[in-house]
Amino acid sequence: MTLKDAKTGMRLLVTAVGESALKQRLMSMGLIPGTEITVLRSAPFGDPIAIGLRAYNLAMRRDDAALIEVKQVG
């Protein structure tokens with residue numbers, strides 16, 4: 001499953017970050033394999049989505065979220 005498919009309130013674990021021009025930037029913001037994230041909310045039309053990870057919140061486009069492989073925890 002990718003982060004794009006996640007629903008509000010889900011707790012997820014990052015398993016991989018797909019190859020793209022943004023990979024290095026996403027990883028430097030803390031989206032590395034093994035990181036737990038929570039989907040906080042999405043905009044009315046679904047784009048962007050807000051996620052919580054480590055000690056901050058991050059908003060990202062669904063196209064970018066499609067690059068992040070996750071699995072559900074808890």
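Tutor: A nonpolar core is a set of buried Ala, Val, Leu, Ile, Met, Phe, Trp, Tyr and Cys residues joined through side-chain atoms within 4.5 Å. Keep that in mind for this predicted model.

Student: Which residues touch the most other members of the largest nonpolar core?

Tutor: That core has 18 residues. Leu 3, Leu 12, Leu 31, Ile 37, Ile 51, Met 60 and Ile 68 touch the most other members. Strands 1, 2, 3, 4 and 5 each supply at least two residues of this core.

Student: What makes Leu 12 and Val 70 a contact?

Tutor: Contact means heavy atoms within 4.5 Å. Leu 12 and Val 70 meet that cut-off, so they count as a contact. Leaving aside neighbours within four places in sequence, Leu 12 also contacts Met 1, Leu 3 and Ile 37, among others.

Student: What makes strand 1 and strand 5 a pair?

Tutor: Two strands need at least two bridges to pair. Strand 1 and strand 5 have five, so they qualify, in the antiparallel sense. Val 14 stands opposite Val 70 in strand 5.

Student: How do you know that strand 1 and strand 2 pair?

Tutor: The cut-off is again at least two bridges. Strand 1 and strand 2 have three, so they pair, also in the antiparallel sense. Arg 11 has Thr 38 in strand 2 as its bridge partner.

Student: Which strands form a hairpin, and what lies between them?

Tutor: Strand 2 and strand 3 do, with six residues between them. Gly 46 in the turn has a positive phi of about 90 degrees. The two strands pair in the antiparallel sense over five bridges. Ser 42 stands opposite Ile 49 in strand 3.

Student: Why do strand 4 and strand 5 stand at the edges?

Tutor: Look at the order in this open sheet: 4-3-2-1-5. Strand 4 and strand 5 each have a single partner strand, so one side of each is left without a neighbour in the sheet. Neighbouring strands of the sheet are turned by 40 degrees against each other on average, direction ignored.

Student: In what order do the elements of the whole chain run?

Tutor: From the N terminus on, they run β-α-β-β-β-α-β. That is two helices and five strands.

Student: How do you know that the chain is as compact as a globular protein of its length?

Tutor: Set the value against the globule rule. The radius of gyration is 11 Å, and the rule gives 11 Å for 74 residues, so the chain is as compact as a globular protein of that length.

Student: What share of the residues counts as buried?

Tutor: Buried means under 20% relative accessible area. By that cut-off, 35% of the 74 residues count as buried.

How values were computed. Residues numbered from 1 in each chain as written. Predicted model: local features only at pLDDT ≥ 70, side-chain atom pairs only at ≥ 80, totals over all residues. Heavy atoms only, no water. Buried < 20%, exposed > 50% of the residue type's maximum accessible area, 1.4 Å probe, protein only. Helix = DSSP H or I, 4+ residues; strand = E, 2+ residues; numbered from the N terminus. Axes fitted to C-alpha atoms, helices over the stretch in contact; angles between N-to-C directions. Rg over C-alpha atoms; globule rule 2.2 N^0.38 Å.
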